[in-house]
Amino acid sequence: MKTLILYSSQDGQTKKIAKFIAEHIENCYVYPITEKAIDFNAFDRIIIGASIRYGHFNKGLYKLIENQTALLNTKPTAFFGVNLTARKEGKNSPETNVYVRKFLQRIQWRPTLSAVFAGALLYPRYNWFDRIMIQFIMKLTGGETDATKEIEYTNWVTVKEFTEQIKALN
């Protein structure tokens, strides 16, 4: 079975998760959603992962799904969202994570599987504006505000379990 993973990643955590999934699935190909030369019909399964930045998914994600909805709805598919809100218990499932829940309600594509994973907080890598904004958001939500820290909140056991569910899709 040939699997395609497309991702939209702001700071690299979604890409890291996509590559982790690909390492555990045979015959799997990983590309950013901006890749234009992909023949979706050549794949048996399609997985799309995307991150949230300032409360929104990348606009290119919506465009891709809009252009491929009919095909996506005919194949086994999966979607995973990545955001810092998912670091909190009770906000780490597609039903309880506001971003993923609203996203799935807004689109016409109905993924066979969906998941939400906590991302990473990478303060030293952010530019000044992003660092200040993310510190502000984290202060409001009770998160880490120390600008010298890098914290990976992703639960890799959960990602592995999701990968096993994907492998069972036929």
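Visitor: Which rings link into a cluster through ring pairs?
Guide: Phe57, Tyr62, Phe79, Phe103 and Trp109. Rings of Phe, Tyr and Trp (its six-membered ring) pair if their centres lie within 6.5 Å; planes under 30 degrees apart count as stacked, over 60 as edge-to-face and the rest as tilted. Keep in mind that this is a predicted model: local features need pLDDT of at least 70, side-chain atom pairs count only at pLDDT 80 or more, and totals for chains, interfaces and linings use all residues. Residues are numbered from 1 along each chain as its sequence is written, and side-chain values use heavy atoms, leaving out hydrogens and water.

Visitor: How many aromatic pairs does the structure hold?
Guide: There are 12 aromatic pairs. Take Phe57 and Phe103: their ring centres are 4.9 Å apart and their planes sit at 55°, so that pair is tilted. Phe57 is in strand β4 (residues 56-57) and Phe103 in helix α3, 46 residues apart. Helices (H or I, at least four residues) and strands (E, at least two) are DSSP runs, numbered from the N terminus.

Visitor: Are Phe57 and Phe103 buried or exposed?
Guide: Both are buried, meaning under 20% relative accessible area, with exposed over 50% and partly exposed in between (1.4 Å probe, protein chains only).

Visitor: And what about Phe79 and Trp109, how are the planes set?
Guide: At 90°, with the centres 6.2 Å apart, so this pair is edge-to-face. Phe79 belongs to strand β5 (residues 77-83), while Trp109 is in the loop between α3 and β6. Phe79 and Trp109 are buried too.

Visitor: Switching to the largest nonpolar core: which residues touch the most other members?
Guide: Ile48, Leu61 and Phe79, out of 25 residues. Such a core is a set of buried Ala, Val, Leu, Ile, Met, Phe, Trp, Tyr and Cys residues joined through side-chain atoms within 4.5 Å. Helix α2 (59-72) gives the most, with 5 residues.

Visitor: What does Ile48 touch?
Guide: Leaving out residues up to four places away in sequence, its contacts (heavy atoms within 4.5 Å) include Leu6, Leu61, Phe79 and Trp109.

Visitor: New topic: how do strands β1 and β2 run?
Guide: They run parallel, with 5 bridges joining β1 (residues 3-8) to β2 (residues 28-32); strands pair if DSSP finds at least two bridges between them. Thr3 stands opposite Cys28 in β2.
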